[in-house]
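Please keep the sequence and the structure in view while reading the points below.

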Amino acid sequence: MTNNNYFIHETAVVDAGAKIGNGTKIWHFAHLMSSCTIGNDCSIAQNVFVGSNVVIGNKVKVQNNVSIYTGVICEDEVFLGPSMVFTNVINPRSAVERKSEYLTTLVKKGATIGANATIICGVTIGRYAFIGAGAVVTKSVPDYALVTGNPAKQKGWMSEHGMKLIFNDSRFATCTATGEKYQLINNLVVKIDN
């Protein structure tokens with residue numbers, strides 16, 4: 001289905017009540033449940049599931065085979081890599097109803113979650129954080145942090161452009177792609193306005 005504001009592929013299923021922003025594209029075999037909200041200029045790729053009450057900001061890219069369950073909030077410019085996984089209950093059992101126990105998972109602006117990563121519910125992924133492919137995130141991740149492995153451990157810092165930051169002795173770093181400057185203060189990274 002095409003309308004003046006967004007595109008929905010004919011094989012996608014969009015339940016009544018789903019909100020879709022201008023310029024967004026919903027591709028093959030995606031399923032958007034009622035009461036989810038998708039922002040402007042998003043790309044929802046093939047075989048993506050978006051649960052009820054999920055909130056997705058503007059310019060978010062969701063790659064193939066991602067399920068975004070109730071309780072997940074993705075701010076603007078988030079990237080969700082192919083087949084990455086969110087959870088929404090800590091201790092699921094098929095025979096035990098736990099919908100009242102869904103935990104909120106927040107993915108902040110500009111964060112990247114790599115292919116096949118798993119995000120355990122109830123964590124916050126910081127602004128411009130970078131979750132490596134296959135990582136298993138069991139605790140919150142600071143802004144600009146690079147985490148990899150199972151369980152995920154911090155291996156460094158990333159710029160807003162997605163380049164690894166190398167801090168010098170005075171705790172300053174420069175993005176090699178943009179020249180933007182960053183400072184490490186109390187083991188947290190802040191971008192310095194030029």
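Contact, as the word is used here, means heavy atoms within 4.5 Å. By that criterion, and not counting residues up to four places away in sequence, isoleucine 68 touches Phe49, Val50, Gly51, Val54, Ile56, Val62, Leu80 and Phe86. The model is a predicted one, and the points that follow should be read with that in mind.

**Nonpolar core**

- The largest nonpolar core has 52 residues, and those with the most contacts inside it are Leu32, Ile68, Leu80, Phe86, Ile125 and Ile131.
- Strand S12 (72-74), S21 and strand S25 (181-185) each supply at least two residues of this core.

- Ten strands are arranged in an open sheet with mixed pairing, in the order S1-S4-S7-S10-S13-S16-S19-S21-S22-S23.
- Strand S1 (7-8) and strand S23 (164-165) stand at the edges of this sheet, and because each has a single partner strand, one side of each is left without a neighbour in the sheet.
- Strands S10 (residues 61-62) and S13 (residues 79-80) pair in the parallel sense over 2 bridges, and valine 62 has leucine 80 as its bridge partner in S13; both of these residues are also among those that isoleucine 68 touches.

**Around strand S21**

- Strand S19 (residues 130-131) runs parallel to strand S21 (residues 145-148), to which 2 bridges join it, and phenylalanine 130 stands opposite leucine 146 in S21.
- S21 is also joined to strand S22 (residues 153-158), in this case by 4 bridges and with the two strands running antiparallel; within this pairing, glutamine 154 in S22 is the bridge partner of valine 147.
- The hairpin of S21 and S22 has 4 residues between the strands, and in this hairpin glycine 149 takes a positive phi near 95°.

**Largest pocket**

- The volume of the largest pocket is about 220 Å³.
- Its lining comprises 15 residues, of which Glu77, Val78, Phe79, Gly110 and Thr112 are the closest to the centre of the pocket.
- By residue class, the lining divides into 5 nonpolar, 5 polar and 5 charged residues.

**Individual residues in loops and end segments**

- Serine 159 is found in the loop between S22 and S23, and this serine counts as buried because its relative accessibility is 2%, where buried means under 20%. Not counting residues up to four places away in sequence, serine 159 touches Leu165, Cys175 and Tyr182.
- Arginine 98 lies in the loop between strand S14 (85-86) and strand S15 (105-107), and at 17% relative accessibility this arginine also counts as buried.
- Aspartate 193 and threonine 138 are separated by 55 residues in sequence and, from C-alpha to C-alpha, by 32 Å in space.

Note on methods:
Residues numbered from 1 in each chain as written. Predicted model: local features only at pLDDT ≥ 70, side-chain atom pairs only at ≥ 80, totals over all residues. Heavy atoms only, no water. 1 Å grid on protein atoms, 1.4 Å probe; cavity = no way out; pocket = protein on both sides within 12 Å on 5 of 7 lines; lining within 4 Å. Points joined across faces, edges and corners; volume = space filled by probe spheres on them. Nonpolar A, V, L, I, M, F, W, Y, C, P; charged D, E, K, R; others polar. Pairing = 2+ DSSP bridges. Core = buried A, V, L, I, M, F, W, Y, C linked by side-chain atoms within 4.5 Å. Buried < 20%, exposed > 50% of the residue type's maximum accessible area, 1.4 Å probe, protein only.
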